[in-house]
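Work through these exercises with the structure in view. Each task is followed by its solution.

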Amino acid sequence: MQITLTNEDLHSIATGSLLVLQFEVEGRPATASYDAVRAASNGWLDDVESSGEAKGRLFETTVLHRPQGFAAKRLVLAGAGKAEKFNSSVLRRLVGAAIRKAKANGASDVTLALDAAYAGGEFISAAAEGALLGDYEVDTHKSKKDERTEIVSFRIAAANGDPAALQRGIVVGESQNLTRDLVNEPGNLLTPLVLADRARAMAAEAGNLDVEVLDRDRMAQLGMGSLLGVAQGSSNAPCFIVIRYKPASPSSSDHLALIGKAVTFDTGGVSIKPADGMEKMKYDMAGGAAMIGAMRAIAALKPSVAVTAFVPAVENAVGGNAQRPGDIVKSLAGKTIEVLNTDAEGRLILVDAIEYAKRQGATHMVDAATLTGAIVVALGHIHVGAFSNNDAFLGKLLQSSKTQGENMWHMPLDDDYRDYLKSPFADIANIGGRWGGAITAAYFLREWAGETPWIHLDIAGTAWLEESKPFMPKGPSGVCVRTFVDLAMSW
Ligand code: BES
Ligand code: MN
Ligand code: ZN
């Protein structure tokens, strides 16, 4: 899909579908594009308004073929919802939904009319992102693709659209889709070493990045006993992917670490998961994939802060050599862990990654992980659970998440939770009791983060869409990529 800006007059744009925003009647702002439709429509718009056919509700679309006075083949009223709720996040989804509809309706060339009030940089970026995210399909492994039109061109018609904002949106949307591609791959095709290859390929294409991959021997030499304990049950070798970005002229000595859980398949290990739904555990590497996608965008957009992604990649398998419940492992930081449940493996690989990031000079750390089913119980599929040892740092990230339209919710992490993780035999147990499972998991990580400003994002409920949305198909969402890129860019 080609994504471009145009200054052309709305009437003369030759396009398959011309999208014009239609707000709900109450508080509907006067917009030049909507007025132009009314003026040219010969009463059609008045009719659809008075009949209630098009109410401007979000994601509603009403199509007029061969509109008089326009060179476009179709004029599409794109429901934009209530004007007071409209912002760039709504526009992103609206464009995604319109693109999905266009594909189903045989349009291959779509143009969005944006009035001056909605043509600032954040809107232009969001529109480009929305188009790419909505265009995404999960059928890479289907020999025969579902029937639909390919969208060849998406244009944004705005008087003075900022080309840099457009470019940013394209980079970010493509990067989020790279994350989704990785997450969508099944466990047999995407093993830890394949993920490392994909990271290398990304970096070679993006430039400005250094990739280093630690193998099992190197990790053993360093003493990553916690990570290696998880990996030992699988014949697919583990690895630790490090992707470095260094700014040409850094604005500070800060060093941001992006740490992502990449369990390429999680069977649960000896504490095996139920068969029902286990196939979904191919997405247990979504945290790592988010970091790889974010680094792609960071390489292109060049923030002034140093950013390094740390992606511990393992498969949590069952096998004769698999870790047992009751095993005690020694983490890189020296702390010993009693593995009461081999299915709580994400935290085991993350703590070695956190310690390694600190040794590499990280001053700020953000991890993302499909860590617990408990976060889905707490927040559903709507919010990412956000935990931190530093409110100021978390505030910054939440600000980014807000501007990027990614819902995140601040969860508690009081010292009182420490008691849940007591072990009589080791320094700490890898699970708490039955209650507060997302919090005890986060608390476990916090023990390794120590005093370094750190944020943990539990994306178990948000990295995979259980059902398709108007703006995205069922499957990998690519959550967190936009927030991480914005965090680095606004450092
Ligand atoms: N990868 C899972 C978490 C998960 C569960 C992600 C459901 C997405 C959907 C994680 O490794 C896990 O198995 N966590 C256990 C922890 C428990 C054993 C304390 C869980 O949440 O059940
Ligand atoms: Mn698990
Ligand atoms: Zn897992």
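**Exercise 1.** How many residue pairs are in polar contact between domain 1 and domain 2?

*Solution.* Start with the model: it is predicted, local features need pLDDT of at least 70, side-chain atom pairs count only at pLDDT 80 or more, and totals for chains, interfaces and linings use all residues. Residues are numbered from 1 along each chain as its sequence is written, chains are lettered from A and ligands numbered from 1 in the order in which they are written, and side-chain values use heavy atoms, with hydrogens and water left out.

Now the count. Eight residue pairs are in polar contact, both residues at pLDDT 80 or more. A polar contact is a pair of N or O atoms within 3.5 Å; within protein, one must be able to donate a hydrogen and the other to accept it, and residues adjacent in sequence count only if both atoms are side-chain atoms.

**Exercise 2.** Find the salt bridge across the interface of domain 1 and domain 2.

*Solution.* Apply the rule: a side-chain nitrogen of Lys or Arg within 4 Å of a carboxyl oxygen of Asp or Glu. One salt bridge turns up across the interface. Glu129 pairs with Arg482 in a salt bridge, and their closest N and O atoms are 3.9 Å apart.

**Exercise 3.** Describe the area buried between domain 1 and domain 2.

*Solution.* Buried area is the accessible area (1.4 Å probe) that two parts lose on being put together, summed over both. Here the domains bury about 1,800 Å² between them. Carbon and sulfur atoms carry 58% of it. On domain 1, Leu132, Leu133 and Tyr136 supply 36% of the area buried against domain 2, more than any other three residues.
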